[in-house]
Amino acid sequence: MSDNSNHNSPYSSEPYTFPAWATMIMRMSAPIALMGAVGAIAIVWYFFSPKFTDVGYQPSQPVPYSHKLHAGELGIDCRYCHIGVEETAHAQVPPTQVCMNCHTHIKGASYDEELGVNPKLAPVMASWENDLPVAWKRVHKIPDYAFFDHSRHVNKGVGCVSCHGRVDQMEVVFQDQPLNMAWCLECHRMPEEHLRPLDKITAMDYEGGDGFDPVAFKESHNIKPPQDCSGCHR
Ligand code: HEC
Ligand code: HEC
Ligand code: HEC
Ligand code: HEC
Ligand code: HEC
């Protein structure tokens, strides 16, 4: 499904079997069929869940977990918790086990000696004891008819900050960028404006100036983000 080789399929596998006009009709039909289906979905999407596409969308979470504290002040790398981001389509939200690596010992400033609980961490403790996940609310979501894969981006030098903003300064995460089609395409046309060294993917304050040449990087890594419909609508 997420295989580079079927990017242009079924057309690219046997490019010379069909006359040019037949190939052209085949090439046209996919986007036209797609636009019908996608159009209907888009209307539903637009009217029923506009919150997901809104910049600034910031649902309140079941735990007052702070990225500003953990990723910012404590300096915990994004990948300690979002373990899927380099290998898979999804960055993933960490299971309670990851929090308990520290919070078995760290009781927190709001720990109440008399009650024997930290109200801020109570839902995490309950999740751990009952073996049920914390009900985190999803912030970012693109529609299912569009294909997105984290690993394909971060392994080509696109940092988290380009798409999620300064998460390390957010007390509560919000959507920083539009995540719509025009936004995706804007970067796909000029990716060199957003590329960085591969060891700076999670460095939120990286601003260049270390001799890194994004244009040379783009060429040496053969970076060509898709601009054709089937690149993102598979
Ligand atoms: C200690 C664990 C931890 C670290 C470190 C961490 N995160 Fe998170 N992250 C979470 C948890 C838990 C959530 C779900 C709750 C929330 O949205 O705040 C989350 C949510 C997110 C979301 C929103 C997900 C959604 O629902 O759309 C983004 C984006 C994100 N993190 C990016 C980052 C980035 C970028 C870094 C590094 C600068 C980072 N995180 C570091 C634990 C962590
Ligand atoms: C690498 C260690 C580490 C990990 C992993 C970690 N935390 Fe923390 N957390 C801390 C430290 C250190 C503090 C600050 C403790 C203090 O207030 O003195 C803290 C504070 C907190 C607080 C505020 C507590 C208070 O009393 O104000 C909450 C809530 C919290 N963490 C939730 C989480 C959640 C949820 C996760 C998992 C997604 C998590 N933490 C993962 C180290 C960690
Ligand atoms: C090219 C843009 C882009 C980059 C770079 C990027 N993200 Fe995302 N992120 C997205 C989009 C788009 C979504 C929504 C995905 C969906 O709906 O399937 C998302 C969703 C997420 C989520 C929600 C859970 C999930 O996996 O869907 C987390 C957590 C997250 N990103 C963390 C990160 C972290 C950490 C980094 C850097 C290591 C990062 N992202 C880099 C665009 C990006
Ligand atoms: C900040 C820049 C940037 C943004 C924003 C961005 N991309 Fe990309 N995208 C890239 C780069 C760089 C690549 C890697 C191209 C390569 O490997 O040749 C890429 C590759 C891809 C690929 C090809 C991966 C594969 O498996 O073939 C898809 C699909 C894709 N992006 C979808 C999206 C979607 C959907 C969005 C919007 C939600 C988006 N991108 C936003 C820069 C970006
Ligand atoms: C770089 C990735 C990318 C490419 C290339 C791309 N799209 Fe999209 N498209 C998206 C994303 C992401 C959405 C969802 C936008 C949203 O949630 O607002 C989308 C949404 C749509 C929609 C729904 C209406 C709308 O604008 O939100 C239609 C129709 C559509 N695309 C058709 C096409 C056609 C036709 C092509 C080729 C000319 C194409 N797309 C190329 C990523 C892409």
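Helices (H or I, at least four residues) and strands (E, at least two) are DSSP runs, numbered from the N terminus. A residue is near a molecule if its C-beta atom, placed from the backbone, lies within 6 Å of it.

A word on the model: this is a predicted one, in which local features need pLDDT of at least 70, side-chain atom pairs count only at pLDDT 80 or more, and totals for chains, interfaces and linings use all residues. Residues are numbered from 1 along each chain as its sequence is written, while chains are lettered from A and ligands numbered from 1 in the order in which they are written.

Let us start with ligand 4. Of the 26 residues around it, R152, C184, C187, H194 and P225 come nearest. Helix 6 (150–154), helix 7 (160–164), helix 8 (181–189) and helix 10 (229–232) each give two or more residues to this shell, and helix 8 gives the most, with three.

Around ligand 2 there are 22 residues, of which C99, C102, G108, A109 and S110 come nearest. Helix 2 (67–73) and helix 4 (96–103) each supply at least two residues of that shell; helix 4 gives the most, five residues.

Here are the two shells by class, where Ala, Val, Leu, Ile, Met, Phe, Trp, Tyr, Cys and Pro count as nonpolar, Asp, Glu, Lys and Arg as charged, and the others, Gly among them, as polar.

| Shell | Nonpolar | Polar | Charged |
|---|---|---|---|
| Ligand 2 | 15 residues | six residues | one residue |

Finally, C78: leaving aside neighbours within four places in sequence, C78 is in contact (C-beta atoms, placed from the backbone, within 7 Å) with A71, C160 and T202.

Conventions: Contact = placed C-beta atoms within 7 Å.
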